[in-house]
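Here is a quick tour of the structure shown below. Take a look at it first, and then read on.

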Amino acid sequence: MRIPEHRRPSAYYILVILAVVVLFIATSYQYKITDRMFPLMVGYVAVPLLLMDLLALTDSKLGEKLSIFFSAKTPTEVDEDADPTERTISQELMIFVWMGALVLGIYLIGFLPCTPVFVYCWMKFRGGYSVKESAYLSIGTIIFVYVLFEIILQYELYPGIFLYWYG
């Protein structure tokens, strides 16, 4: 199973994300059993999805079947429909800076306050949405997160280190 040259950057990206997820899973085992359930669920769902995504990049029968199953296109059709825009390393790293800012925000101020701020900023500055649309999307997202996790699942979201320090 060989990955064609033009698909290798995607494969490297998937491998980096896979390494982060495996680290995420390993780190989760250090938490109390109730605190690690959700991170482990996310991690153990992500690993097979990433592996299937990696296999879909190969020039193999299995890769072609996975590609058709998930995108209804052969790998060749996926390549033809791919966005031809060249992306520089700095543009790709900027996405990681945004994600790092999200993780740092969650660590410092918690999920609930950080979620609408991040969604608003992402939609406004990265997505090009208007102020009004970005505000509606951020409000909708925080309502969804709150209702799903706090009310339906009764899962206490991480409140941030500042709350521990000053609360």
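A72 counts as exposed because its relative accessibility is 62%; exposed means over 50% relative accessible area, buried means under 20%, and partly exposed is in between, using a 1.4 Å probe and protein chains only. You'll find A72 in the loop between α3 and α4. Its phi is near 60 degrees, a positive value in a residue other than glycine.

Q154 has a positive phi too, of about 50 degrees, although it is not a glycine. Q154 sits in the loop between α7 (131–152) and α8 (161–166), and its 68% relative accessibility is why it counts as exposed.

## What you're looking at

This is a predicted model, where local features need pLDDT of at least 70, side-chain atom pairs count only at pLDDT 80 or more, and totals for chains, interfaces and linings use all residues. Residues are numbered from 1 along each chain as its sequence is written, and side-chain values use heavy atoms, with hydrogens and water left out. Helices (H or I, at least four residues) and strands (E, at least two) are DSSP runs, numbered from the N terminus.

## Helix α2

Helix α2 covers residues 33–56, and at 1.5 Å a residue its 24 residues should span 34 Å, which agrees with the 34 Å between its end C-alpha atoms. That expected span is 1.5 Å times one less than the number of residues. There's a bend of about 30 degrees at P39, taken as the angle between axes fitted to the seven residues ending there and the seven starting there.

P39 is also one of the buried residues of α2, which include R36, L40 and G43. Among what covers this buried set are α1 (8–28), α3 (61–71) and α4 (75–81).

## Helix α3

The buried residues of α3 are G63, L66 and S67. They cover an arc of only 100 degrees around the axis, so they lie on the same side of α3; the arc is that of the directions from the helix axis to the C-beta atoms. These buried residues pack against α2 and α4, while the face turned away carries the exposed K61, K65 and F69.

## The nonpolar cores

A nonpolar core is a set of buried Ala, Val, Leu, Ile, Met, Phe, Trp, Tyr and Cys residues joined through side-chain atoms within 4.5 Å. The largest one here has eleven residues, including I3, L18, L40 and L57. α1 gives the most to this core, with five residues.

A second, separate core has five residues, among them W98, I106, C114 and F118.

Note on methods:
Contact = heavy atoms within 4.5 Å.
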